[in-house]
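Open the structure in your viewer and keep the sequence panel beside it. The tour moves from one selection to the next.

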Amino acid sequence: MSRQSETKYRAVAAFQRRIGNPVLRRLPTQTLLETTGRTSGLPRRTPVGGRRVGKSFWLVSEFGERSQYVRNIKADARVRVRIRGRWHTGTARLLPDDDPVARLRSLPRLNSAAVRVLGAGLLTVRVDLEE
């Protein structure tokens, strides 16, 4: 990773950890991805932008495999997603062969724009929902 990408990653991650995620997690309409912490075993909730398509929920990780929730998914693919205030259980799949830039075009515009601007090393994630 280049020095510029590393600096960008650190700045965005620090902002999300201290300000963005704590605020967004409290909003009842915010979509949340709940993973199991790979070390602690505790639930970890991360605000995400994405879209439900049929029995799947699609999102793009802005820092790919460096994202903590992606690392948690690699350890345990069982997740929950809160969509419009309702929790859904599912299994997450990392899709490195999918084109994340093309995928972002089919997802909500505001979040997709932020992911494109702030992200480095994008990775598509699909959650197969159980209902």
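Leaving aside its neighbours within four places in sequence, which residues is Thr91 in contact with? Select Thr91 and display what surrounds it: the contacts beyond those neighbours are Ala77, Arg78, Arg126, Val127 and Asp128. Bear in mind during the whole tour that this is a predicted model.

**The whole chain**

Zoom out and colour by secondary structure. The protein has four helices and seven strands. The protein has 131 residues, and 41% of them count as buried. Its accessible surface comes to about 7,800 Å², with 51% of that belonging to carbon and sulfur atoms.

Select strand E6, residues 86–95. Thr91 is found in this strand. Is Thr91 buried or exposed? Its relative accessible area is 17%, and buried means under 20%, so Thr91 is buried.

Show the side chains of Thr91 and Arg78. A polar contact of 2.9 Å joins the two. Next, draw a distance from the C-alpha atom of Thr91 to that of Leu129. The two residues are 38 residues apart along the chain, yet these atoms are separated by 6.7 Å.

**One step back: Gly90**

Move to Gly90, which also lies in strand E6. Gly90 is buried, with a relative accessible area of 0%. Hide its neighbours within four places in sequence, and its contacts are Ala77, Arg78, Val79, Val127, Asp128, Leu129 and Glu130. Ala77, Arg78, Val127 and Asp128 are among the contacts of Gly90, and they are also among those of Thr91.

**His88**

Stay in strand E6 and select His88. This residue is buried, with a relative accessible area of 4%. What lies 3.5 Å from a polar atom of the side chain of His88? Display the backbone of Arg86 to see: the atom is the backbone oxygen of Arg86.

Select Arg84, in the loop between strand E5 (78–83) and E6. Is Arg84 buried or exposed? Its relative accessible area is 80%, and exposed means over 50%, so Arg84 is exposed. Look at its backbone as well: Arg84 has a positive phi of about 50° although it is not a glycine.

**The second largest pocket**

Which strand gives the most to the lining? Select residues 50–53 to see strand E3, which contributes three residues. By class, the lining of the second largest pocket is made up of four nonpolar, four polar and three charged residues.

Conventions. Residues are numbered from 1 along each chain as its sequence is written. This is a predicted model: local features need pLDDT of at least 70, side-chain atom pairs count only at pLDDT 80 or more; totals for chains, interfaces and linings use all residues. Side-chain values use heavy atoms; hydrogens and water are left out. Helices (H or I, at least four residues) and strands (E, at least two) are DSSP runs, numbered from the N terminus. Buried means under 20% relative accessible area, exposed over 50%, partly exposed in between (1.4 Å probe, protein chains only). Accessible areas come from the Shrake-Rupley method with a 1.4 Å probe; for residues, only the protein chains shown count as cover. A polar contact is a pair of N or O atoms within 3.5 Å; within protein, one must be able to donate a hydrogen and the other to accept it, and residues adjacent in sequence count only if both atoms are side-chain atoms. Ala, Val, Leu, Ile, Met, Phe, Trp, Tyr, Cys and Pro count as nonpolar, Asp, Glu, Lys and Arg as charged, and the others, Gly among them, as polar. Contact means heavy atoms within 4.5 Å.
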